[in-house]
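Subject: Structure handover

Hello,

Here is the structure I promised to pass on. My notes follow below it.

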Amino acid sequence: MSGSMDNNMIVALDIGTSKVLCLVGEIGVDGAIEIIGIGSHPSRGLKKGVVVNIESTVSSIQRAVEEAELMAGCKIHSVTVGIAGSHINSLNSHGIVAVRDREVTDYDLERVIDAARAVAIPADQKILHILPQEYEIDSSEGIKEPLGMSGVRLEAKVHLVTGSVNAAQNIEKCVRRCGLEVDNLVLEQLASSYSVLTEDEKELGVCMVDIGGGTSDISIFTGGSIRHTAVIPIAGDQVTNDIAMALRTPTQHAEDIKVKYACALAQLAAGHETVKVPGVGDRPARDLSRQALAEVVEPRYEELFNLIQAELRRSGFEDLVAAGVVLTGGTSKMEGAIELAEEIFHMPVRLATPHGVRGMEDILSSPIYATGMGLLQYAQHDHVGGGAETVSQDVMSVTPQVSILEKMKAWFKRNY
């Protein structure tokens, strides 16, 4: 369903720990998305990706949405929303069914996905995504599109993503308090992967890390499919807190110093450069060398990259990510972060900016907007059928046609 009055419009809402971003995109006749509206506002009600203050979150969402509406010249009714936080868990599962008429139909695919999702998960968790990795028909493995193929036994290997029921409900509650409907709740690192990864990287094997304000979100792809997801509750906010504590300066000044002067690798910071550090209360500002600032920041980045490497090793895919590591998100932009990451991971690392969406490139070609741009692409290419949500392999394909039946289903979902 569309995110506004015009059926060709889709709306993404990235509710992050540091900012709330609303993007309005228009789908052109060639199937490409063009950004026609942006709204951004500092986020006040989240901690580590989870809502901790509903009123503050609602206020931030309203301001970002109003800004986007004003720029796009339309009224927003529904949005595709990102979800993150350390409550996110994932596992790989598989299901097996007998093919009913010796030829795989949509009904068989629904049954095999239902079989794959039949795993025990805690009562306080809900399934957010069922992402098919590959299918097997009889003894033929590695099938991506089994529809119409002949066989008697169908097996599906899937990646299940689960999240806290309460965390998801709180996000939906905040969005609805703003008079909006939630079209989809999407895992943020899955969304980011749409906008920053290439098909070659997914095929070869890649580890994408979206380092935001409150969490660092990891997703690992091999053979063109998602294999592992994880969330590390260390990100930009911890770096800001470290600076505030070490330099004895208020948090808002620490954030400004981090953005303008910080470096993640002390050897890259020139010793003669100085930074003006505001004091707390009536204390006067003082000068500090940029190298001393880097020595505060580097240990936190080192800790974060070591935790990511440990997660990569634990997943069992460390030797399979031949394309290396892709960093995105606002906190990955810091000078020296790529060089430090290459030292720790011992593999190629690149900083990724979002692609695949037209319009306002001068503003949006920054890692900060990776999740928001990815949510737009997910909204366009998401295919929902029988409770299964699949990842489109062709990110820039044709505009999806919504059938009358799907429109009726969506209307009933919203109204009952």
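Which residues of helix 6 are buried? They are Gly236, Gln238, Val239, Thr240, Ile243, Ala244 and Leu247. Buried means under 20% relative accessible area, exposed over 50% and partly exposed in between, with a 1.4 Å probe and protein chains only.

Before going on, two notes on the source. This is a predicted model: local features need pLDDT of at least 70, side-chain atom pairs count only at pLDDT 80 or more, and totals for chains, interfaces and linings use all residues. Residues are numbered from 1 along each chain as its sequence is written, and side-chain values use heavy atoms, with hydrogens and water left out.

**Helix 6**

Helix 6 covers residues 236-247. Helices (H or I, at least four residues) and strands (E, at least two) are DSSP runs, numbered from the N terminus. The expected span of a helix is 1.5 Å times one less than its number of residues. Just after helix 6, Arg248 has a positive phi of about 50 degrees.

Strand 13 (residues 216-222) has 7 of its 7 residues buried. Both of its faces are covered. Ser216, Ile218, Ile220 and Thr222 lie on one side, with Asp217, Ser219 and Phe221 on the other.

Two strands pair if DSSP finds at least two bridges between them. Strand 12 (residues 206-211) pairs with strand 13 in the antiparallel sense, over 6 bridges. A hairpin of 4 residues joins the two. Cys207 has Ile220 as its bridge partner.

Strand 13 also pairs with strand 14 (residues 225-232), again antiparallel, over 7 bridges. Here Ile220 stands opposite His228, and Phe221 stands opposite Ile226. This hairpin has 2 residues between the strands, and Gly223 takes a positive phi near 60 degrees. Strand 14 has 8 of its 8 residues buried, so it is largely enclosed by the rest of the structure.

**Nonpolar cores**

A nonpolar core is a set of buried Ala, Val, Leu, Ile, Met, Phe, Trp, Tyr and Cys residues joined through side-chain atoms within 4.5 Å. The largest has 64 residues. Leu13, Ile15, Val24, Ile61, Ile76, Val81 and Val175 touch the most other members. A second, separate core of 40 residues includes Ile211, Leu265, Val277 and Leu312.

Best wishes
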